Amino acid sequence: MKRFLPVFLILSFFNLTAQETDFTKEKKPVSLDASFFYGSILEHNPDINHLITGHPTGFLLSYNRKTYGFNEWERRYNYPDWGFSMAYQNLHNEYLGENISFYGHFNFYFLNRNAYFRIGQGFAVAGSPYDAETNYQNNAYGTKLLSSTYIALQYNKQNLYRGFGLNAGFTIIHYSNANLRAPNNSTNTFAFNVGANYNLNYKEMPDFIPEGERTKYTEPIHYNLVLRGGVNESDIVGQGRFPFFVVSAFADKRINHKSTLLAGTDVFLAYFFKELIKLQAASFPELGVSGDEDWKRVGLFIGHELRFNKIAFVSHLGYYIYYPYEFENRFYNRLGLKRYLTDAIFASVTVKAHGAKAEGVEFSVGYRF
């Protein structure tokens, strides 16, 4: 389930530095920041219209480990920060209640380091999740424990006075359980925020280590076999959770230090599909489902991996070439994190979706040869 993705991400942070670092020599500058935000829930789905009754408010607290080029990957990405953050959000709706969430995040700087783009991935605890008897109106959060992603674009002026600075910008916070259990219509909050930051090492911040001459790097084409799996549920509340499996085969070509391109095929075996076909054939004759439809699917996909040492951010776009039962649409996408355990063996946690509609979280192990 996607709630395990933050654990994977947090372990990845430690691994990023551990790959090339002698910790007896590396300095570890740290900054803290706090922001208040005010925003609106976006109506991405008309089914949540009754949940949009107020303007969410809350605050975001962050711990940032600053980098200065001690490791090679830091120089390639313009000395980003990595760290951990916590958010509290009052959604100002009696059915949604209040959420608290925890993340691992990266800050990527631009505009002469006066602004950054942040992406955070973690989990949230919903204060008022769906309950068939006491809170059936909340069709956004089907479980108390949710996955959560947030992005932020911030103007960030640091060290204006004795390590203190100011930041302002906007944030988008997403909550979902990735179809682990219905209902799962999710919410997206768009918010403006303003706050302050403090650099604990402002008196002795190390100088950035220059990137030096950029070197070309490529690898020959490699072939990959992957087994993915997890559990999920259809959108019908109470139908039950079922396992799913995906067998993937693809070829990849690493074109430089940062990027790998790939293309391949997926075979999907989702048992909730099998049960959904039976249910629709028996209970909804107007849908024209006979019950004999094949519940398996086959897709072709292209993709990209953005590499940070042994860690990669994975993005795939696919199209079903075998699609005997109509569900959502024929295009699908996959996003997540991948960890190379050795040159040949890797593991990943990804979310497979149709646009913004998640189908399930995939736990994967693969072999590259």
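The protein chain holds 3 helices and 16 strands. Its radius of gyration is 22 Å, close to the 21 Å given by the globule rule for 369 residues, so the chain is as compact as a globular protein of that length. The model is a predicted one.

**Overall build**
- Along the principal axes, the C-alpha atoms of the protein chain fill a box of roughly 70 × 55 × 30 Å.
- Of the 369 residues in the protein chain, 51% are buried.
- The protein chain exposes about 17100 Å², and carbon and sulfur atoms supply 62% of that area.
- Among contacts between residues at least 6 apart in sequence, 62% join residues at least 24 apart.

- In soluble globular proteins, nonpolar side chains tend to be buried together.
- The largest nonpolar core has 22 residues, and the members that touch the most other members are Phe250, Phe273, Tyr325 and Phe327.
- Two or more residues of this core come from each of β10 (242-254), β11 (259-270), α3 (271-283), β13 (311-322) and β14 (331-340).
- The element that gives the most to this core is α3, with 4 residues.
- Leaving aside residues up to four places away in sequence, Tyr325 touches Phe273, Leu276, Ile277, Gln280, Val289, Glu293 and Asp294.
- Another core, of 18 residues, lies apart from the largest one; among its members are Leu60, Ala126, Tyr141 and Tyr150.

**Strands β5, β6 and β7**
- Strands β5 and β6 run antiparallel and are joined by 11 bridges.
- Ile119 stands opposite Ile151 in β6.
- Strand β6 also runs antiparallel to β7 (residues 164-176), with 12 bridges between them.
- Thr149 stands opposite His174 in β7.
- The hairpin of β6 and β7 has 2 residues between the strands, and in this hairpin Arg162 takes a positive phi near 50°.

**Asn135 in a loop**
- Asn135 sits in the loop between β5 (115-126) and β6 (145-161).
- The relative accessible area of Asn135 is 8%, which is under the 20% cut-off, so Asn135 counts as buried.
- A polar atom of the Asn135 side chain lies 2.9 Å from the backbone oxygen of Ser128.
- Not counting residues up to four places away in sequence, Asn135 touches Tyr95, Ser128, Pro129 and Tyr130.

Notes. Residues are numbered from 1 along each chain as its sequence is written. This is a predicted model: local features need pLDDT of at least 70, side-chain atom pairs count only at pLDDT 80 or more; totals for chains, interfaces and linings use all residues. Side-chain values use heavy atoms; hydrogens and water are left out. A nonpolar core is a set of buried Ala, Val, Leu, Ile, Met, Phe, Trp, Tyr and Cys residues joined through side-chain atoms within 4.5 Å. Buried means under 20% relative accessible area, exposed over 50%, partly exposed in between (1.4 Å probe, protein chains only). Contact means heavy atoms within 4.5 Å. A polar contact is a pair of N or O atoms within 3.5 Å; within protein, one must be able to donate a hydrogen and the other to accept it, and residues adjacent in sequence count only if both atoms are side-chain atoms. The radius of gyration is taken over C-alpha atoms; the globule rule is 2.2 Å times the number of residues to the power 0.38. Accessible areas come from the Shrake-Rupley method with a 1.4 Å probe; for residues, only the protein chains shown count as cover. Two strands pair if DSSP finds at least two bridges between them.
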